[in-house]
Amino acid sequence: MRLYHKDVFFPEFDLTDFWKGVTELKTTYHFRDRQQFKKIPLLDIETIRAGEIFEVGIEFDEVLKVCYRVHTPKIDYIYVIRKGGVLVTAWVQHPKDLHSTLDESKYWKE
């Protein structure tokens, strides 16, 4: 899977198939563990989808993973979602953290 980051290079992509048929998020054990430990809310799909997309994973022109950053006044929530509405993991980030330590070598540059 090729990873793309908004600060490195973003190809054009369509999330229609990614979200097709998803009416609720399915959570993994890892997400539920992080949710409890870090006190991360399980937001509804619409709120997460309104967040900022900063990373996508694409294979054979199919979006398989999307990372969303949902901004709030005090803290930002990061959600990693796989195709089919599977919520893999999440974490919190300070709103002013611009991710200056980004490892660009992980991402495709086209």
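Here are some exercises with worked solutions on a predicted model.

**Exercise 1. Strands**

Find which strands pair with β3, and in which sense.

*Solution.* Start with β1, residues 2-5: this strand pairs with β3, residues 52-59, in the antiparallel sense over 4 bridges. One place to look is Leu-3, whose bridge partner in β3 is Gly-57. Next, turn to β4, residues 62-70, which also runs antiparallel to β3 and is joined to it by 7 bridges. Here you can follow Ile-53 to its bridge partner in β4, Tyr-68. Finally, look at the hairpin of β3 and β4, with 2 residues between the strands: Phe-60 has a positive phi near 50° there.

**Exercise 2. Thr-28**

Work out where Thr-28 lies and whether it is buried or exposed.

*Solution.* First, locate Thr-28 in the loop between β2 (26-27) and α2 (29-38). Then take its relative accessible area, 19%. Buried means under 20%, so Thr-28 is buried. Last, leave aside residues up to four places away in sequence, and you find that Thr-28 touches Val-86, Leu-87 and Val-88.

**Exercise 3. Rings**

Decide how the rings of Phe-10 and Phe-13 are arranged.

*Solution.* The structure has 4 aromatic pairs. For Phe-10 and Phe-13, the ring centres are 5.3 Å apart and the planes stand at 80°. Planes over 60 degrees apart count as edge-to-face, so this pair is edge-to-face. Now check accessibility: Phe-10 is partly exposed at 28%, and Phe-13 is partly exposed at 28%. Elsewhere, Phe-18, Trp-19 and Tyr-68 make up one aromatic cluster.

**Exercise 4. A charge and a ring**

Find the ring that the charged end of Arg-2 sits over.

*Solution.* Follow the side chain of Arg-2 to its charged end, which sits over the ring of Trp-108, 3.7 Å from the ring centre.

Terms used: Residues are numbered from 1 along each chain as its sequence is written. This is a predicted model: local features need pLDDT of at least 70, side-chain atom pairs count only at pLDDT 80 or more; totals for chains, interfaces and linings use all residues. Side-chain values use heavy atoms; hydrogens and water are left out. Buried means under 20% relative accessible area, exposed over 50%, partly exposed in between (1.4 Å probe, protein chains only). Contact means heavy atoms within 4.5 Å. Two strands pair if DSSP finds at least two bridges between them. Rings of Phe, Tyr and Trp (its six-membered ring) pair if their centres lie within 6.5 Å; planes under 30 degrees apart count as stacked, over 60 as edge-to-face and the rest as tilted. A charge sits over a ring if NZ of Lys or CZ of Arg is within 6 Å of the ring centre and within 35 degrees of the ring normal.
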